[in-house]
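Please look over the sequence and the model shown here before reading on.

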Amino acid sequence: MKSTSLSLIVGAVALAAVTGFAALTAPGDGGTAEAGAAARLPVERSSLLCPAPSMSDLAETTYSSFTPAGENGGEAGAADLEPAEPLPTDEDAPAGEDADKKDADKKDADKKADKEKAAASKPVISLKDLGKPGTAETAKSDAPALVGTASGKFAPGWTTQQTTTTAAGGARGLLGVSCTAPDTDFWFPGASTGASRQDYVHLTNPDDTAAVADIELYGADGPLKSDVGEGITVPARSSVPMLISTLTGEAAENVTVHVTTRTGRVGAVVSAAEDEVGSDWLAASADPAGTQVMPGIPADATSVRLVAFAPGEDDADVKIQLLGKNAAFSPAGNATLHIKSRMTASVDLKDVTRGEPGSLRLSPADGSTTPVVAALRVVRGTGAKQEVAFIPATEAVGERASVADNRAKGSVLSLTAPGATAEVKVTASAGSEAGEATVKTYTVKGGTTLEVTPEAPAGLKGGYALTVETESGGPVHAARTLTIPEGGVDMFTVQTLPDDGGTVEVPAAEQDLSVLDD
């Protein structure tokens, strides 16, 4: 074996140990990376987890799955989302019945379970084409969580949007969430155990063995006492919803939820329903950092509440800045926020955007470098026409990010450049039923937020996806707001667009194996 080939194998093994996803192309097989230099290659496998959408009989849910076209992985592949396994239930016959009756009941139960398992093995949605969304719908009140995997050419940049419309009832609202990748650590500032809120944290396990998770809650005065938030078992390929208020006896309006796993991985997301206001999903904040950006506050927001948390041992002092249409400025009376260690801090910014779209940036103040997590609770409308959504702190778009389930009307894209001016390319994909992709380039001035109504695909039928790519300049953070009028209420939901992680860096092989030449 020649040294070049063996060195590449060492590099590939190292990469597999780090990611488990990327494939390596050797010289002569189309590879372009220079010897000894790191390269970026498409991932070959991605996982996504969608929570159970709603328990309401009035709920209608749409799934939209999408992988952008581009320099993707292998020639073959698939992207399927399948129902999670139902949670185990006690189906033993009541005491006192004879053995024959018990056996008959057990056989009937086994047959029913076999039918359910066969139905569950069929994908709810399978992606067929790159650059074109695949969709599915359900109106079932007991629709399950979904567990999905994409491989080969469908893996790089794979995303799925779950959008639920509930027209009436205590959970009225438009609930949107980008299905999450499995992980071991999640932060959710902006949850609540208050009397007016019914918040659930949904834990979904993608793997074939059980996961064990812990849930910690933090209020304004520190940790909330909980005896039942530890050692929560999430069975293999199943989903467990936990009502947050049942994990503690303390009622707190603003709570930070911390989910970790002792064994295995889970996808985690919080559903929040607020009496007389509405409901939506609260996605996890970006990892703790000194600077956080929350893009996409609607121009007509009537109430904006910032919730932040410092998970370390030190307090944090942060500057609050609104990145508006033309410049960045601090809200009057709220230029800074002191966040005590392991205590949830909040501030009511009211109608901070005052008729113009904006984004919020938190950055270190007075030399503080303490990392924080953060999210916004945003309300549009007043009185009986209120509706709520959440905007977590998010990472920058990076090389590329996508969001699915955009409609012919109602989609708005917010782009903010917290540092230097940047240029981005926005692609509206082909329609799920018909329509040709369109591409447009935008310049985002540093320290501002640019709100645009995307140019829909020509001849659009169905929905489409938006893909944002950074072309030049500083980092850009993005969010998509989807608005659907229902019963006189402008129901809305906001999804952020962090880098899709479609490529991984291949580390260069350091070891010289030329001594093994023949």
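The sections below take up the basis of the model, its nonpolar cores, its aromatic rings, its charged pairs and a few individual residues.

## Basis of the model

This is a predicted model, in which local features need pLDDT of at least 70 and side-chain atom pairs count only at pLDDT 80 or more, while totals for chains, interfaces and linings use all residues. Residues are numbered from 1 along each chain as its sequence is written, and side-chain values use heavy atoms, with hydrogens and water left out.

## Nonpolar cores

A nonpolar core is here a set of buried Ala, Val, Leu, Ile, Met, Phe, Trp, Tyr and Cys residues joined through side-chain atoms within 4.5 Å. Buried stands for under 20% relative accessible area, exposed for over 50%, and partly exposed for what lies in between, with a 1.4 Å probe and protein chains only. The largest such core has 30 residues, and those with the most contacts inside it are Phe188, Val201, Leu203, Ile215, Leu217, Val257 and Val259. Strand β12, residues 211-219, supplies the largest share of this core, namely four residues; helices (H or I, at least four residues) and strands (E, at least two) are DSSP runs, numbered from the N terminus.

Apart from this core lies another one, of 29 residues, which has Leu349, Val352, Ala374 and Ile391 among its members. To return to Leu203, its contacts (heavy atoms within 4.5 Å) include Ala213, Ile215, Ile232, Val234, Val259 and Val266, when residues up to four places away in sequence are not counted.

## Aromatic rings

A search of the whole structure finds three aromatic pairs. Rings of Phe, Tyr and Trp (its six-membered ring) pair if their centres lie within 6.5 Å, and planes under 30 degrees apart count as stacked, over 60 as edge-to-face and the rest as tilted. Phe186 and Phe188 form a stacked pair, with 6.3 Å from centre to centre and 15 degrees between the planes. Phe186 is buried at a relative accessible area of 7%, and Phe188 is buried at 0%.

Tyr218 and Phe309 form a tilted pair, 4.8 Å centre to centre with 45 degrees between the planes. Because Tyr218 lies in strand β12 and Phe309 in strand β20 (residues 301-309), this pair ties together parts that are 91 residues apart in sequence. Both Tyr218 and Phe309 are buried, and ring pairs link Trp187, Tyr218 and Phe309 into a cluster.

## Charged pairs

Side chains of opposite charge can pair when their charged atoms come close. A salt bridge is counted when a side-chain nitrogen of Lys or Arg is within 4 Å of a carboxyl oxygen of Asp or Glu, and a search of the whole structure finds 12 of them. In one of these, Arg237 pairs with Glu82, the closest N and O atoms being 3.7 Å apart. Arg237 lies in the loop between β14 (232-234) and β15 (239-243) and Glu82 in strand β4 (residues 79-83), so the pair ties together parts that are 155 residues apart in sequence. Arg237 is partly exposed, with a relative accessible area of 24%, and Glu82 is partly exposed at 24% relative accessibility.

Arg172 forms a salt bridge with Glu387, their closest N and O atoms lying 3.9 Å apart. Since Arg172 belongs to the loop between β8 (159-166) and β9 (173-178) and Glu387 to strand β27, this pair ties together parts that are 215 residues apart in sequence. Both Arg172 and Glu387 are buried. A further salt bridge joins the side chains of Arg197 and Asp199 at 2.7 Å, N to O; Arg197 is buried with a relative accessible area of 6%, and Asp199 is buried at 1%.

## Individual residues

Gln386 is placed in the loop between β26 (373-380) and β27 (387-392), where it counts as partly exposed at 22% relative accessibility. The C-alpha atoms of Gln386 and Val489 are separated by 7.2 Å, although the two residues are 103 residues apart along the chain. Leaving out residues up to four places away in sequence, Gln386 touches Arg172, Glu276, Val277, Val379, Arg380, Gly381 and Val489.

Arg342 has a phi near 60 degrees, a positive value in a residue other than glycine, and is found in the loop between β23 (336-339) and β24 (344-350). Asp405 also has a phi near 60 degrees, but Asp405 lies in strand β28 (residues 401-406). Arg342 is partly exposed, with a relative accessible area of 31%, whereas Asp405 counts as buried at 5%.
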